[in-house]
Amino acid sequence: MRKRYLIPLIYIIFLMLPIYWLVNMSFKTTNEILGGFTLYPHQLTLSNYVTIFTDPSWYMGYVNSITYVVMNTVLSVLVALPAAYAFSRYRFLGDKHLFFWLLSNRMAPAAVFALPFLQLYSAVGLFDTHLAVALAHTLFNIPLAVWILEGFMSGVPKELDETAYVDGYPFWKFFIRIFIPTIAAGIGVAAFFCFMFSWVELLLAKTLTAVAAKPIAAAMTKTASTSGYELGLLAAAGVLTIVPGAFVIYFVRNYIAKGFALGRV
Amino acid sequence: MNKTFDNRAWWLVVPVFLMVAFNALIPLMTVVNFSVQESFGDNVFFWSGVRWFEQVLNSERFHAALLRQIIFTALVLLIEVPLGLAIALAMPRKGPWVSVCLVLMALPLLIPWNVVGAMWNIFALPDIGFLGKLINSLGIHYNYTRQPLGAWFTTVLMDVWHWTSLVVLLCYAGLVSIPDAYYQAAKVDGARPWAVFRYIQLPKLKHVLTIAILLRFMDSFMIYTEVVVLTGGGPGNSTTFLSIDLVKMALGQFDLGPAAAMSIVYFLIILLASWLFYTLMMRNEAR
């Protein structure tokens with residue numbers, strides 16, 4: 001019986017190894033990295049992290065990334081909520097086609113849209129703003145949020161709505177006061193996925209920004225090419241991009257297990 | 001659930017419709033525009049009909065990239081789906097270890113894609129990377145920057161590392177939602193573990209497995225950033241998948257016409273495959 005836990009254990013070790021290697025390198029000096037193969041840092045140094053936290057061109061990257069990711073998450077979930085409600089409760093003209101069309105945007109390769117997006121957002125004057133990236137990411141996050149929320153909402157019996165209307169609640173009051181708290185877990189799961197896909201996507205984020213809204217991971221590629229081979233610095237920046245994700249997972253861990261089970265996802 | 005027919009529900013969908021339309025339709029029209037026109041610069045365009053489409057569909061370069069893409073996606077699906085299912089089945093259902101497992105397993109999913117590429121780039125280097133050193137010390141000559149086979153191995157392994165957890169999380173959620181009564185009934189009937197899996201767990205997991213396969217198909221077919229950072233599409237063209245080829249064509253050589261035609265073909269392939277799979281699964285479910 002106990003033996004079967006070996007499978008997840010081995011899997012987790014496999015997952016952690018590359019991450020450990022990155023953390024390991026981030027505490028090494030460039031000399032030690034290039035000098036040879038060591039399993040742990042022999043000359044422990046924090047200088048890589050110090051550079052990142054004192055140089056604005058580094059730490060502003062984090063601020064930029066987090067800004068547009070949060071904007072995108074809030075925006076996606078807010079507009080997806082009423083739409084998901086419509087899909088889960090009503091039939092209307094063209095509903096099925098609309099739903100598939102929405103999902104089809106999840107299948108559009110970012111490489112296809114990179115150049116047209118650049119033209120579009122330059123034309124409307126949003127190039128190099130956080131809003132541009134946040135809006136561009138709604139292309140795949142809104143469909144996903146609608147899909148997830150619709151699943152959760154369909155799990156709530158319709159009698160809840162009907163009772164509220166009989167009691168004289170107007171639609172918006174019912175929606176905000178009663179319905180949204182009921183599907184809080186679903187909102188958590190949807191927000192988690194929006195955060196995740198916006199945080200990890202870079203092709204569009206990089207295309208749509210130059211200086212003012214440059215995401216952190218794009219700052220990494222720049223350093224790699226211009227200032228030679230500063231592997232330690234790169235590793236430290238990489239480690240720091242894992243941290244926000246780890247926080248978010250930690251906070252929603254119970255929602256993930258429960259939330260997945262409740263919804264249709 | 002029986003839904004009421006009410007066209008006023010459209011009002012609730014309008015914000016989503018407008019935002020997605022702005023982001024999807026305008027760029028799509030730009031791509032369509034490019035794909036049927038010829039340009040000699042200076043924003044002067046000529047109608048060129050379906051010439052770019054003929055050129056792309058007949059070019060060996062496109063065939064080669066498509067073939068590599070299909071092999072990659074097939075490999076990735078064949079490894080990740082069974083592996084993810086097996087791990088989800090073996091995971092504990094209750095107790096403090098559940099959270100620990102979930103948090104650790106979800107971690108790769110939240111790492112920016114180019115960091116994933118950079119991480120594996122370093123991890124697999126034969127001189128200073130753990131994986132490269134390990135494989136070479138086993139007596140196998142391995143250098144993914146030189147050997148096409150090594151590059152493929154590293155790319156597939158990276159994708160397995162990156163995305164298997166998504167399958168695990170989805171399957172695990174599906175497993176948790178199976179009521180205990182089912183298992184008790186199976187116990188009373190004296191069902192073997194295989195029978196429990198085949199007749200209780202697998203049917204109940206069909207929905208989440210459909211989602212997992214669909215998501216993995218779409219995302220692996222669109223893979224770009226990780227591979228560019230890891231191998232740059234090389235050595236040679238051995239790991240140049242469709243997206244990478246497309247970006248090389250559009251931004252590297254600025255062949256906008258052929259690149260746009262290829263974009264449309266590419267998008268249609270994903271759309272068609274997803275639609276076919278989705279319809280088939282839904283038909284089976286209805287039966």
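This is a predicted model: local features need pLDDT of at least 70, side-chain atom pairs count only at pLDDT 80 or more; totals for chains, interfaces and linings use all residues.
Biologist: Which residues of helix α4 (residues 97–106) of chain B are buried?

Modeller: Residues are numbered from 1 along each chain as its sequence is written, while chains are lettered from A and ligands numbered from 1 in the order in which they are written. Helices (H or I, at least four residues) and strands (E, at least two) are DSSP runs numbered from the N terminus, and a residue is buried if 20 or more other C-beta atoms, placed from the backbone, lie within 10 Å of its own, exposed if 12 or fewer, and partly exposed in between. By that rule the buried residues of α4 in chain B are Cys101(B), Leu102(B), Met105(B) and Ala106(B).

Biologist: Within what arc do the buried residues of α4(B) fall?

Modeller: The arc is that of the directions from the helix axis to the C-beta atoms. An α-helix has 3.6 residues a turn, so residues three or four places apart point the same way. The buried residues of α4(B) line one face of the helix because, seen down its axis, they fall within an arc of 115 degrees.

Biologist: What percentage of the residues in chain B is buried?

Modeller: Chain B is built from twelve helices and three strands, and its C-alpha trace spans about 75 × 70 × 30 Å along the principal axes. Of the 287 residues in chain B, the buried share is 40%.

Biologist: Which helix of chain B gives the largest share of the side that touches chain A?

Modeller: Two residues are in contact if their C-beta atoms, placed from the backbone, lie within 7 Å. The contact involves 77 residues of chain A and 71 residues of chain B. On the side of chain B that touches chain A, the largest share, 13 residues, belongs to helix α1 (residues 10–35) of chain B.

Biologist: Which residue in β1(B) stands opposite Arg91(A)?

Modeller: Two strands pair if DSSP finds at least two bridges between them. Strand β1 (residues 90–91) of chain A and strand β1 (residues 4–5) of chain B run parallel and are joined by two bridges. The residue of β1(B) opposite Arg91(A) is Phe5(B).

Biologist: Which residues have the most contacts inside the largest nonpolar core?

Modeller: A nonpolar core is a set of buried Ala, Val, Leu, Ile, Met, Phe, Trp, Tyr and Cys residues joined through C-beta atoms within 7 Å. The largest such core has 160 residues, and those with the most contacts inside it are Ala80(A), Val146(A) and Ala190(A).

Biologist: Which residue of chain B does Ala80(A) touch?

Modeller: Residues up to four places away in sequence are not counted here. The partners of Ala80(A) include Ile142(A), Ala145(A), Val146(A), Leu149(A) and Ala190(A), and from chain B there is Val16(B).

Biologist: What distance separates the C-alpha atoms of Ile87(B) and Val168(B)?

Modeller: Ile87(B) belongs to helix α3 of chain B, and it counts as buried because it has 22 C-beta neighbours inside 10 Å. Leaving out residues up to four places away in sequence, Ile87(B) touches Ile7(A), Pro8(A), Tyr11(A) and Val168(B). Ile87(B) and Val168(B) are 81 residues apart along the chain, yet their C-alpha atoms are separated by 6.4 Å.

Biologist: Is Asp128(A) buried or partly exposed?

Modeller: Asp128(A) is found in the loop between α6 (110–123) and α7 of chain A. Its phi is near 65 degrees, a positive value in a residue other than glycine. Since 15 other C-beta atoms lie within 10 Å, Asp128(A) is partly exposed.

Biologist: What ipTM does the predictor give the complex?

Modeller: Chain B averages a pLDDT of 84, with 93% of the residues scoring at least 70. For the complex, the predictor gives a pTM of 0.86 and an ipTM of 0.84.

Notes. pLDDT is the predictor's confidence in each residue, from 0 to 100.
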